[in-house]
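I opened this entry to keep track of what I looked up. The notes follow in the order I made them.

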Amino acid sequence: MGDVVEALFISSLNNERASCSVQDLRTGTDLMKYKGGGQMQAHSLQMLGANFVIAANSTKPLLHVWPINGQEQMSTIRYVVPGKVNALAVSPDNAFLVAGIQETIYLWHLNSGRLLNTMSRHFQPVTCIRFTDNGEHFATAGKDGAVLVWNLTRAAAPLGSGDSEENAPFYSFNDHGLAVTDVHIGLGGIRAFMYTVSLDRCCKVYDLSDGSMLLSVVFPVALHSVIVNKLETSVYVGTSEGQVHIFHMEKLPRMKEYHLEEEESQAFIGHTAGLAITSLALSVNADQLISGGDDKQVCVWDIGSRQLIKTISQLGSITNLHLRLISSSKFHPGPKEPKFFADNLKRMISPPDDDDCIELLITEKYSKRRQLGKPNFDYSYDGMDSIQSSAAAPDEEMNDEAPANDDDEEGEEETDEDDEMPDDDENSNAALIAELENLRAENARLKLEAKRLLAQKVDKIITNPQSNKSSRTKIKKAWKK
């Protein structure tokens with residue numbers, strides 16, 4: 001097994017050498033180059049599990065899939081979609097694929113390839129799609145300035161038609177005046193903070209727990225990218241002037257809208273002036289910032305000193321930066337990994353099928369697991385397992401039937417209850433069943449003996465009433481004395 005490295009995935013608009021290249025962030029070593037995918041669309045490079053890479057073509061209605069350890073695309077996979085994809089996102093559990101095609105959002109189930117839903121709530125093309133860390137919700141941003149937050153469960157199984165109220169987004173934010181260029185969602189699921197940047201020079205912070213806007217930071221130039229550290233104390237934004245600005249959440253004044261002047265902002269200066277910073281990434285320990293822009297450069301910065309560490313030149317404008325902590329052995333040639341996704345994606349919504357089901361494979365090893373007996377609800381649980389409880393049940397029955405000598409009717413009722421006692425579970429072991437049968441036989445013999453003794457006593461009283469009367473007279477005389 002190889003060493004764990006911080007693998008930096010880089011894609012650009014020039015595909016002469018490769019559609020995407022992978023480098024070791026620390027050493028700069030080339031780990032892999034993915035070819036044949038054309039020019040990758042911005043905000044479309046994603047990982048499918050730990051063994052596959054997926055991205056959208058920027059000029060054709062195609063999605064390309066590569067094995068992580070192979071330069072060529074998978075020959076059996078060809079994803080043709082209804083139109084050119086503007087943005088792409090895969091759920092954290094790798095079960096669902098969300099794509100923005102023009103102003104429509106498409107949702108696919110990757111394992112079956114079924115198109116589950118299409119949602120048209122944006123008025124202009126979608127620019128960015130982001131999932132929450134738990135995968136229960138996702139956010140879509142568009143050129144219309146709207147940011148919509150969707151519930152994945154409702155989107156995957158809509159209760160109504162595409163324009164019905166049941167198919168509406170969970171939140172709808174329309175605070176931006178121009179196109180939203182990037183979105184970042186922190187940790188915490190639906191209780192996380194969401195950060196959005198736009199060409200209107202604003203970076204807005206939303207609280208997804210109640211759908212409120214907490215802060216709006218206004219910059220002097222348009223914004224194109226955003227990323228936040230894990231603690232969500234430092235926010236980095238890429239501008240249209242080739243700089244990366246930083247502001248600290250704990251140091252901002254307590255006001256809802258704050259105008260950050262150029263002289264008070266901390267900037268990373270090293271890209272070509274006048275060309276936008278399109279992509280940002282952070283190292284795992286958040287001590288290095290990676291930025292890529294239209295100047296065909298990828299810069300690695302030391303955050304503490306804001307000094308430029310190194311520059312990685314590319315042949316075209318940077319469209320995607322994706323950092324992943326992964327073992328270097330993953331990129332070595334090896335056997336094909338089993339794929340968990342379909343060979344093609346449906347282009348029409350499939351009607352529900354009555355034969356749809358979930359199949360469970362029970363292996364031979366699983367079938368030999370320890371079998372547990374069915375619970376017996378006739379007896380209260382005493383804290384022991386089912387076998388001990390079943391063994392203790394006959395003893396309790398014998399104790400309850402001890403007063404059978406007092407009355408014949410009570411004995412008959414107990415006999416009926418004993419006859420109606422449910423059989424033991426089929427899964428009980430043979431020794432327990434044999435012991436239980438012996439106890440039942442002994443119980444039946446004692447009942448018969450009690451009935452016989454009771455019958456003899458009754459017959460004696462009936463056949464000799466005078467002796468019984470004289471005995472009562474003697475007892476009275478004894479009490480008088």
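Before the sheet, I noted the rule for pairing: two strands pair if DSSP finds at least two bridges between them. I also noted that I am working from a predicted model.

**Entry: a sheet.** I looked up an open sheet of four strands, in the order β4-β5-β6-β7 with antiparallel pairing. Its edge strands are β4 (46–48) and β7 (79–80), each of which pairs on one side only. I then checked β5 (residues 52–56) against β6 (residues 62–67) and found antiparallel pairing over five bridges. For F52, I found the bridge partner P67 in β6.

**Entry: the largest pocket.** I read its space as about 1400 Å³. It is lined by 44 residues, and R130, H184, K230, H322 and L323 are the closest to its centre. Next I asked which strands supply at least two residues each to the lining. They are β4, β8 (85–90), β12 (126–131), β16 (180–185), β20, β25 (277–282) and β29 (318–327). The largest share, seven residues, comes from β29. I sorted the lining into 21 nonpolar, 17 polar and six charged residues.

**Entry: L223.** I picked a residue in strand β20 (residues 223–228), namely L223. Is L223 buried or exposed? L223 counts as buried because its relative accessibility is 0%, and the cut-off for buried is under 20%. Last, I looked up Q243, 20 residues apart from L223 along the chain, and their C-alpha atoms are separated by 9.8 Å.

Methods. Residues numbered from 1 in each chain as written. Predicted model: local features only at pLDDT ≥ 70, side-chain atom pairs only at ≥ 80, totals over all residues. Heavy atoms only, no water. Buried < 20%, exposed > 50% of the residue type's maximum accessible area, 1.4 Å probe, protein only. 1 Å grid on protein atoms, 1.4 Å probe; cavity = no way out; pocket = protein on both sides within 12 Å on 5 of 7 lines; lining within 4 Å. Points joined across faces, edges and corners; volume = space filled by probe spheres on them. Nonpolar A, V, L, I, M, F, W, Y, C, P; charged D, E, K, R; others polar.
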